[in-house]
Amino acid sequence: MIDNDVVDALADELLGPRDKSAPPAAWGSTVREYLAGAPRLDQWQTPLLTLDRGRLDANRDLMAEWTAAAGVALAPHGKTTMAPQLWREQLVAGSWGITLATAWQAQLARSFGVGRIMLANTLVDPVGLAWAAAESARGADFEFYCWADGVATVELMDKILRETAAGPRVRVLVELGGPHGRTGARTRTEAHAVAAAIGASERLSLAGVAGYEGALAHDRSTEGVAAVRGYLGELAALHTELGAAGAYSGPAVLTAGGSAYPELVVEELAGLAGSSSVATTVVLRSGAYVVHDDGFYAGISPLAAPAKDPGLRSAMHGWARVVSRPEPELALLDGGKRDFPFDEGLPVPQLALGGALPPNAVVTALNDQHTFLRMPGADAGDLPVGSVVRLGLSHPCTAFDKWRRIPVIDSADATDPRVVDLIRTYF
């Protein structure tokens, strides 16, 4: 559920100089008015981040169909895009809810009418926790879940809530972690103690088990896959034990991440949706799939093309203009760390407009506002100043946060791409 009227109202916002790289000719127009003029990509300034409409649609539909066939629910991690327009598309496609990481993100999502929110984090901020309780008390149309991984954490949550107005119990999932992982109780014994503390609280309700397998591996090595499988097995065992002990007062949620290892999550957890002693919804929280990338996720996801056909394909691209050719084998582009992600790999040059991109061209470094494009043995005339390079990018989470408004084009492969939408982000 999401409020369509609030999302639709984004089309009435005015464009202006705060919208990075938007053409000054569009300033003062509403988004709706601007799009009615059938704008083209080449009217925008560089550097620029774009989304590909066809690939967004294909990625969204692929994951919706795949999770439905696997018998698991999908709550996409909304912090990847912080874009209510994309959240709506995911919810309309059948997503169970939207996952967020902070109380403020949850509040933003709720302001757009999102009806089921999974906060994949512990919530001990007094203001945020009080808001969650108050918002849950407003009506039965809102479901809110958060996590806890320690008895002291549960006691603090209980204290904060007892000092606020009475309301429904806040749904809490026990978070199980792993050795050298991120948050989460480190053993099932510790997790049982957390569950018992939640059960003893008058303001909290034990709603399931949660975890994040992506913190335990970063590749598809034998060791990495084994670590993920072992962890997911522990997650399943904890949920089964809590169900058998009668720790749940009603239906439960069992949730894991899934952008890098979705098939492992399904293989290890999906069966519990039908065979557990308690009614269980298994929820996958994949965040990157709708955008995907040409870097980390392209290399690790089993749903990526060409390993899967049709498979996930990157819907995001960077565009940067050559502003300097100070050496024969070097071109400097006008985009950098302020514009493109670099934490999970440098951009990859894909094609050039107004020039020829040598097949051995490679990005070797990014400054704040420059990209170093090396072309060993290239002719300096192949890629002249003023030509534009399309870049493949890695890691959508650190791409979206650099842009307030992102143009969506009909196809990044088109000769003259058309801008068909503008996606508003909130970071």
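In which handedness of crossing does H6 pass H7?

**Exercise 1. Characterise the packing of H6 against H7.**

*Solution.* The model is predicted; local features need pLDDT of at least 70, side-chain atom pairs count only at pLDDT 80 or more, and totals for chains, interfaces and linings use all residues. Residues are numbered from 1 along each chain as its sequence is written, and side-chain values use heavy atoms, without hydrogens and water.

Step 1. Take helix H6 (residues 126–137) and helix H7 (residues 151–162). Helices are DSSP runs (H or I, at least four residues), numbered from the N terminus.

Step 2. Their axes come within 10 Å and cross at roughly 65°. Axes are lines fitted to C-alpha atoms over the stretch in contact, with angles from 0 to 180 degrees between N-to-C directions.

Step 3. H6 and H7 are therefore roughly perpendicular to each other (65 to 115 degrees).

Step 4. H6 passes H7 in a right-handed crossing (near helix turned clockwise from the far one by less than a right angle).

Step 5. Pro 126, Leu 129 and Ala 133 of H6 meet Met 157, Ile 160 and Leu 161 of H7 (contact: heavy atoms within 4.5 Å). By class, this contact has six nonpolar, no polar and no charged residues (nonpolar: Ala, Val, Leu, Ile, Met, Phe, Trp, Tyr, Cys and Pro; charged: Asp, Glu, Lys and Arg; polar: the others, Gly among them).

**Exercise 2. Describe the lining of the largest pocket.**

*Solution.* Step 1. A pocket is an open set of points on a 1 Å grid where a 1.4 Å probe fits, with protein on both sides within 12 Å along at least five of seven lines; lining residues have an atom within 4 Å of a point.

Step 2. The lining has 30 residues; His 77, Lys 79, Arg 182, Tyr 212 and Tyr 297 lie nearest the centre.

Step 3. H12 gives the largest share, three residues.

Notes
Helices (H or I, at least four residues) and strands (E, at least two) are DSSP runs, numbered from the N terminus. Angles under 35 degrees count as roughly parallel, over 145 as roughly antiparallel, 65 to 115 as roughly perpendicular and the rest as oblique.
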